[in-house]
Amino acid sequence: MKLSLFPYQLEFRYPFRIAHGVRTHTDVVYVKLEHDGCTAWGEATLPPYLLETQQSVISFLTDFSKSVSGNSVDEWFDRLRKESENLSAKAALDMALWGLKAQLQNKSIEELLGIKSTLFPLATYTIGVCSLPEMKLKIDDAIGYGFEMFKIKLNGETDEDMINNFRNICEKPYAVDVNQGWKDASMFINKMEWLKEKGCVLIEQPLPTDFLLPRSRVNGSYDLPVYADESCQRLGDIEKLRDNFDGVNIKLMKCGGITEAFQMIRKARELEMKVLIGCMSESSVGCSAASHLTPLADYADLDGPYLISNNPFEGMQVVNGRIQVRPVTKNSLNLQ
Ligand code: MG
């Protein structure tokens, strides 16, 4: 097994503004795994709030590769399962191992996981907090790429302008992601009622993670389905969210890869919760890895490749509004 690591910086097409800040780029580390004539890629995507850095990912994976005694994919998986920290680095290696395993067995990742459905969910295109002219440009871009649904970022301050601007330009379905930007229960209830009137289909992470939502799911549903994102990191979080949230946003970078994300989806379904497969604005490597799980999800938020201007890879695509799984290929012009 040969492991190679490539630090890189993804540039956003437009500055990405959400409730707690603005970002123009994201550090990543690409992982290349070679074994028995096959090559597979992984990606650790590192927005600042994750705390992992390119250096920590490189150190972890370099030490990890020296510590594995065997040379098979399964021995690497077994060793990786014992790691509970460095989740973005773990996710990068996990997805590369799944890619390698699929190639070595001449199967798809879906086949290896026993995913039989070929019904792919609607994919959302994210619109960060922005002005009307910028929103127009983004919506035109997204429709040109093939998106049929949007996810609008709200911050609690310009929500009405954002939604009214969107509705004046576009009639397509939309979700909102508040990124913990609302302050309290009454704000949540009032905004939710207003958003329902405005045709919103779901709300993601309305309140800070230490707030319990004001009404229990088991005592009557909310006006709109409410999904946990920041409140839902790992498999162990799902059970405690069941009474307050209708669904969860599962991301490979939060949970350490395809292996745990698959377990999280199964757990959520057992608890009759909805599932959204999201991303941290990964390029085509990370979003393609997540795309294999999307036949199991209600929605897919895998727009990373469409939000960045210097994607060194090609892979999954959005066609007629839905995810289409495609093999990952490297654009040799952009990555050494
Ligand atoms: Mg979110």
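Is Lys 191 buried or exposed? Lys 191 is buried, its relative accessible area being 10%; buried here means under 20%, exposed means over 50%, and partly exposed lies in between, computed with a 1.4 Å probe on protein chains only. The model is a predicted one, in which local features need pLDDT of at least 70 and side-chain atom pairs count only at pLDDT 80 or more, while totals for chains, interfaces and linings use all residues. Residues are numbered from 1 along each chain as its sequence is written, and side-chain values use heavy atoms, with hydrogens and water left out.

The side chain of Lys 191 meets that of Glu 160 in a salt bridge, at 3.6 Å from N to O; the term stands for a side-chain nitrogen of Lys or Arg within 4 Å of a carboxyl oxygen of Asp or Glu. Lys 191 belongs to helix 7 (residues 185-197) and Glu 160 to helix 6 (residues 159-169), so the bridge ties together parts that are 31 residues apart in sequence. Helices (H or I, at least four residues) and strands (E, at least two) are DSSP runs numbered from the N terminus.

Across the whole structure, 20 salt bridges are found. One of them joins Lys 151 to Glu 204, with the closest N and O atoms 2.9 Å apart. This pair links distant parts of the chain, with Lys 151 in strand 5 (residues 149-153) and Glu 204 in strand 7 (residues 200-204), 53 residues apart. Both Lys 151 and Glu 204 are buried. Another salt bridge is formed by the side chains of Lys 251 and Asp 229, at 2.9 Å from N to O. Lys 251 counts as buried at 8% relative accessibility, and Asp 229 is buried at 3%. Salt bridges with shared partners also join Lys 151, Lys 153, Asp 177, Glu 204 and Asp 301 into one network.

The magnesium ion has as its protein donors Asp 177 (OD), Glu 204 (OE) and Asp 229 (OD), at 2.0 to 2.2 Å. Donors are N, O and S atoms within 2.8 Å of the metal (3.2 Å for Na, K and Ca), and water is not among the atoms, so sites may look incomplete. Along the chain the donors follow the spacing D-x26-E-x24-D. Asp 177 lies in strand 6 (residues 174-177) and Asp 229 in the loop between strand 8 (226-228) and helix 8 (238-241), so these two tie together parts that are 52 residues apart in sequence. Asp 177 and Asp 229 are both buried.

Open space in the model comes next. A pocket is an open set of points on a 1 Å grid over the protein atoms alone, with protein on both sides within 12 Å along at least five of seven lines, and a cavity is a set where a 1.4 Å probe fits but cannot get out; lining residues have an atom within 4 Å of a point. Points are joined across faces, edges and corners, and a volume is the space filled by probe spheres set on them. The largest pocket has a volume of about 470 Å³. It is lined by 28 residues, of which Tyr 49, Leu 50, Lys 251, Lys 254 and Met 280 are the closest to its centre. The second largest pocket holds about 380 Å³, and among its 19 lining residues Gly 99, Ile 109, His 292, Pro 327 and Val 328 are the closest to the centre. Helix 3 (87-105) is one of the elements that each supply at least two residues to this second lining, and helix 3 gives the most, with four.

Helix 11 also contributes at least two residues to the lining of the second largest pocket. Eight of the eight residues of helix 11 (residues 284-291) are buried, so this helix is largely enclosed by the rest of the structure.

The largest cavity has a volume of about 80 Å³. Strand 1 gives the most to its lining, with five residues. Phe 12 and Pro 15 are among the lining residues.
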